[in-house]
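Here is a brief report on one protein model.

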Amino acid sequence: MLDNQPRGTICIEDLEIGMVRSLSKVITDQDIEMFAEVSTDRNPVHLDDDYAQDTIFEGRIAHGMLTAGLVSAVIGEQLPGHGTVYLGQNLKFLAPVRPGDMVLAEVEVMDIDHSKRRVKLDTRCLVNGKKVLMGEANVLAPSRKFD
């Protein structure tokens, strides 16, 4: 993975609207196979070249939630980072991610409620500059006062 920032924690006291963090990862056949194993989602559109060729995708695609997991990695490792608690996430899948694609997962601070330690984040994934996933996350951010 290629991160643009070090792993760790940004406490709510230091967050600012507009802050962005990201990571890039090439989705491999092994990633897809491991995700299928862990999730038990063995849909052949992800695993079987012959089957997938006859679908609307005309080839294998990664699990959508594998791609979404990269957003979780940015939230849990960078923004806000360690100690963050996911409260909710909505997602819209816009285009398939294929084995070999380099996915850029980005998270941006949209709103901060300091009194409740709540942060609203814009979440997105891109392949070659094209959005393949978009959504919004709500998290409980770590605080120097409590952690």
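## Salt bridges

A network of salt bridges links Glu106, Glu108, Asp122 and Arg124. The model is a predicted one. Aspartate 122 is partly exposed, at 23% relative accessible area. Arginine 124 is buried, at 12%.

The whole structure holds seven salt bridges. One of them joins the side chains of arginine 60 and aspartate 29, at 2.4 Å from N to O. Arginine 60 sits in the loop between helix H3 (49-53) and H4, and aspartate 29 in helix H1, so the pair ties together parts 31 residues apart in sequence. Arginine 60 also meets aspartate 49 in a salt bridge, at 2.8 Å from N to O. Aspartate 49 belongs to helix H3 and arginine 60 to the loop between H3 and H4, so this pair ties together parts eleven residues apart in sequence. Arginine 60 is buried, with a relative accessible area of 14%. Aspartate 29 is partly exposed, at 36%.

## Nonpolar core

The largest nonpolar core has 31 residues. Leu15, Ile27, Val109, Val119 and Leu121 have the most contacts inside it. Helix H4 (64-77), S4, strand S5 (118-127) and strand S6 (130-140) each give two or more residues to this core. H4 gives the most, with six residues.

Isoleucine 27 has contacts beyond its sequence neighbours, not counting residues up to four places away. Among them are Ile32, Ala62, Leu66, Leu70, Val97 and Val103.

## Helix H4

H4 has 14 residues. From first C-alpha to last it reaches 20 Å, close to the 20 Å expected at 1.5 Å a residue. Its buried residues are Leu66, Thr67, Ala68, Leu70, Val71, Val74 and Ile75. Their cover includes strand S2 (20-26), helix H1 (29-39), strand S3 (85-93), S4, S5 and S6.

## Aspartate 113

Aspartate 113 lies in strand S4 (residues 102-113). It is partly exposed, at 27% relative accessibility. Its side chain makes a polar contact with the side chain of serine 115, at 2.7 Å. Leaving out residues up to four places away in sequence, aspartate 113 touches Ile12 and Arg118. The C-alpha atoms of aspartate 113 and alanine 141 are 9.8 Å apart, and the two residues are 28 apart along the chain.

## Cysteines

How many disulfides does a search of the whole structure find? The search finds zero. Cysteine 11 is buried, with a relative accessible area of 14%. Cysteine 125 is also buried, at 0%.

How values were computed:
Residues numbered from 1 in each chain as written. Predicted model: local features only at pLDDT ≥ 70, side-chain atom pairs only at ≥ 80, totals over all residues. Heavy atoms only, no water. Disulfide = S-S within 2.5 Å. Buried < 20%, exposed > 50% of the residue type's maximum accessible area, 1.4 Å probe, protein only. Helix = DSSP H or I, 4+ residues; strand = E, 2+ residues; numbered from the N terminus. Contact = heavy atoms within 4.5 Å. Polar contact = N/O pair within 3.5 Å; in protein donor to acceptor, adjacent residues only side chain to side chain. Core = buried A, V, L, I, M, F, W, Y, C linked by side-chain atoms within 4.5 Å. Expected span 1.5 Å × (residues − 1). Salt bridge = Lys/Arg side-chain N within 4 Å of Asp/Glu carboxyl O.
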